[in-house]
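Here's a quick briefing to read with the model open. Grab a viewer and follow along, topic by topic.

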Amino acid sequence: MGDALENINPKLYKKIDERQVTAKDEDEDIADEFDEREIFDLIRNINDPEHPLTLEELNVVEQSLIEIDNKANRVHVQFTPTIPHCSMATLIGLSIRVQLLRALPSRFKVNVEITPGTHTSEAAVNKQLADKERVAAALENSHLLEVINQCIGMKYITSDISGNV
Amino acid sequence: MGTLELKQTLSGHRGRVWNVCWHPKGTCIASCGEDKTVIIWGPQEPKWVTKTILTEGHTRTIREIAWSPCGNYIASASFDATTAVWDKKSGQFECNATLEGHENEVKSVSWSRSGQLLATCSRDKSVWIWEVNDDEYECAAVINAHTQDVKKVRWHPNEEILASASYDNTAKIFKEDAADNDWSCVATLSSHTSTVWSLTWDKTGTRIATCSDDQTVKIWQEYKPGNEPGIVTPNNEPTWKCVCTISGYHTRAIYDIDWCKTTGLLVTACGDDIIRIFKEDSDSDPHQSSFTMVCSMETAHTQDVNCVQWNPTVPGQLASASDDGLVKIWFYSE
């Protein structure tokens, strides 16, 4: 982690509305397959490693860059680093990957890649993120794991906590 | 098409199983994984059962294990940057030597045919060769020929020649120079477009099969100086040429490959959960060989298949290991 922020003033994007729960969603008899929106909800609130903002607010993740094929057990996520030489790209990709590995059933094959043309070392970062052996080794590094958990750990909504006091 | 029949599912590991290795007599297998243990499984009629669990040798994931050719030792390579050697001098397997030196994760370990040499490789990009003398292990060479993480090391079936596979998309061949006892790279096999995860020699040691993240398998043929087709051999060293690319079958990274020394069949372990078997065509030209898929076992495991290995003595018997935490024993018949 560098001491100075690489991108001091990132552009902010509007968050999408919360998902509306429909009667169909609550009907236990209807098979409810994973869709792009559900995958998006799993990763949109991951925190940026540098800024007190979510990946959604920085437009690093977008619902339109998520593809899911339930039958083939495939999830493909593209993410867009805020700047083309962002040194945090691997860490951000790793956080997305870890979050999806933890949250989704093990049958899913998860690919996390940089949106084409948005990073100077796109190929190298993609290769590292796709190498499950290196990802496994990285996750045994307690310092790195702590940083990733901090990114993934969603912020509590203060009113909920204070409401219980 | 042949058939692959599941004989038994062995559960006991917690988490991902990275590797499985047959005892040289084909009588039992060892497996290892994320749970930092080595399990030795053996038949106890009518089923295979856990014989021994080796613990406390490593502090992190055990990536690979290898039986010595005599069957009395097991070497284990770990993400904790060490390689442990276990022997059963006391009656049961104990870790009596720990080989240190790599800067980070050790990815693979292999014994030479004589059992006198051990090779290890690591994410630190190096390949180490250790000499074995009366249970003492001395580093004979540190080879820095690869430019990236080295994934696999495998000795030639008969000679003291080593092959390695790497994240730098190449495989390399190493030999000791008789003049100055120095180990150096004598050939680089480049053609894959992504990580080479594993490699396997054929029984004669004149061919190598490699598998890659680029979803292909490649067959390489050795051309010695003075070879008949007239392939140029610089420095009087053999040249290795890719004579076949098996593409269009695998849909994700191919993590392992094994060339059966008795039947000549190739088996692959793939990230798409499938085990595939390939057979060389009877009219295959050695300079432009051709292979046909004879078996594809869909959902061989419920997650990535990490390792496949033929039984060295029982033709058709196969063991596999997977991210789903299981080891499976199979039987292939034509």
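A:Arg37 and A:Asp41 join their side chains in a salt bridge, with N and O 3.0 Å apart; the term covers a side-chain nitrogen of Lys or Arg within 4 Å of a carboxyl oxygen of Asp or Glu. Bear in mind that this is a predicted model: local features need pLDDT of at least 70, side-chain atom pairs count only at pLDDT 80 or more, and totals for chains, interfaces and linings use all residues. Side-chain values use heavy atoms, with hydrogens and water left out, residues are numbered from 1 along each chain as its sequence is written, and chains are lettered from A and ligands numbered from 1 in the order in which they are written.

**Salt bridges**
- Both A:Arg37 and A:Asp41 sit in helix H2 (residues 36-43) of chain A, 4 residues apart, or about one turn of the helix. Helices here are DSSP runs of H or I with at least four residues, strands are E runs of at least two, and both are numbered from the N terminus.
- Over all chains, the rule gives 28 salt bridges.
- Side chains of opposite charge can pair when their charged atoms come close.

**Where chain B meets chain A**
- 26 residues of chain B and 15 residues of chain A make the contact, meaning heavy atoms within 4.5 Å.
- About 1,700 Å² is buried between the two chains, 41% of it from carbon and sulfur atoms. Buried area is the accessible area (1.4 Å probe) that two parts lose on being put together, summed over both.
- On the chain B side, B:Arg60, B:Tyr167 and B:Arg252 lose the most area to chain A, together 34% of what that side buries.
- There are 10 salt bridges between chain B and chain A. One of them links A:Asp131 with B:Lys151, whose closest N and O atoms are 2.8 Å apart.
- The side of chain B that touches chain A has 13 charged, 8 polar and 5 nonpolar residues. Nonpolar takes in Ala, Val, Leu, Ile, Met, Phe, Trp, Tyr, Cys and Pro; charged is Asp, Glu, Lys and Arg; the others, Gly among them, are polar.

**Helix packing in chain A**
- H2(A) packs against H3(A) at an angle of about 120°, their axes 9 Å apart. Axes are lines fitted to C-alpha atoms over the stretch in contact, and angles run from 0 to 180 degrees between N-to-C directions.
- A:Ile39, A:Leu42 and A:Ile43 of H2(A) meet A:Ile96, A:Gln99, A:Leu100 and A:Ala103 of H3(A). By class that's 6 nonpolar, 1 polar and no charged residues.
- Helix H3 (residues 89-103) and helix H4 (residues 122-130) of chain A cross at roughly 35°, and their axes come within 10 Å.

- Most residues other than glycine have a negative phi, and most peptide bonds are trans.
- The B:Glu45 to B:Pro46 peptide bond is cis, with omega near 5°. B:Pro46 lies in the loop between strand S4 (38-44) and strand S5 (47-54) of chain B.
- B:Ala81 isn't a glycine, yet has a positive phi, near 75°. Look for B:Ala81 in the loop between strand S7 (73-78) and strand S8 (83-87) of chain B.
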